[in-house]
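I opened this model to look up a few local features. My notes are kept in the order in which I checked them.

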Amino acid sequence: MSVHSSVTAQLEAANQIYAADFTGADLPSPPSRKVLVITCMDSRLDPAKVLGLELGDAHVIRNAGGRAIEALRSIMISQQLLGTREIIVMHHTGCGMQKFSDSEFRTKVRQELNEDVDHMSFLPFADLKQSVSDDVQLLRKSPLVLKVPITGYIYDVKTGKIEQVDV
């Protein structure tokens, strides 16, 4: 049992309310808009609201920093088995991935967990626009990703607006 209080009871209660009016039982697994969104796991970012997506519209892949290389397995499955034909890469202002380096994080893990993670890259970045550009280019050049439209954006956590990154 954790010493921290859990929010699971609140989440389960919220799910009961959601499920009572649920109307998505007949939605197909492939996304109706054939788009895949890669974005950060940051709690200030709700990709469905930001992009006007409804349930069933898109595949949304979230990870720390919204990094494309970490999403590659899911992208391949989405394209090859579920028909997505467009990709959106969306990073955001104020991202925590800009606040540390691999070496700093490896040291923290070593000190706090007594584990060596020197073999892992945690994919931090210093330049927000460059990180979006790098991820878009990585996907465009990858032989594992179909040649589809790939667009990069930066979401501003202060205004709620997105800005396209020219790549």
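I am working with a predicted model, in which local features need pLDDT of at least 70 and side-chain atom pairs count only at pLDDT 80 or more, while totals for chains, interfaces and linings use all residues. Residues are numbered from 1 along each chain as its sequence is written, and side-chain values use heavy atoms, with hydrogens and water left out.

**Aromatic pairs.** I searched the whole structure and got three aromatic pairs. Rings of Phe, Tyr and Trp (its six-membered ring) pair if their centres lie within 6.5 Å; planes under 30 degrees apart are stacked, over 60 edge-to-face, and the rest tilted. I looked at Tyr 18 with Phe 22, a tilted pair with centres 5.5 Å apart and 55° between the planes. Tyr 18 is partly exposed at 47% relative accessibility, and Phe 22 is partly exposed at 40%. For accessibility I use buried for under 20% relative accessible area, exposed for over 50% and partly exposed for in between (1.4 Å probe, protein chains only).

I then took Phe 100 and Phe 105, also a tilted pair, at 5.5 Å centre to centre and 40° between the planes. Phe 100 has a relative accessible area of 23% and Phe 105 one of 29%. I noted that Phe 100, Phe 105 and Phe 122 form one aromatic cluster.

**Helix α1.** Helices (H or I, at least four residues) and strands (E, at least two) are DSSP runs, numbered from the N terminus. I checked α1, residues 8-20, whose 13 residues reach 18 Å from first C-alpha to last, close to the expected 18 Å. The expected span is 1.5 Å times one less than the number of residues. How many of the 13 residues of α1 are buried? The number is zero, so α1 lies largely in the open.

**Asp 57.** I found Asp 57 in the loop between α2 (47-51) and β2 (58-63). Asp 57 is buried, at 11% relative accessible area. Its side chain makes a polar contact with the side chain of Ser 32 at 3.2 Å. A polar contact is a pair of N or O atoms within 3.5 Å; within protein, one must be able to donate a hydrogen and the other to accept it, and residues adjacent in sequence count only if both atoms are side-chain atoms. A polar atom of the Asp 57 side chain also lies 2.7 Å from the backbone nitrogen of Glu 54.

**Positive phi.** I recorded Asn 114, not a glycine, with phi near 55°. Asn 114 is exposed at 66%. Leu 123 has a positive phi of about 60° and is found in the loop between α4 and α5.
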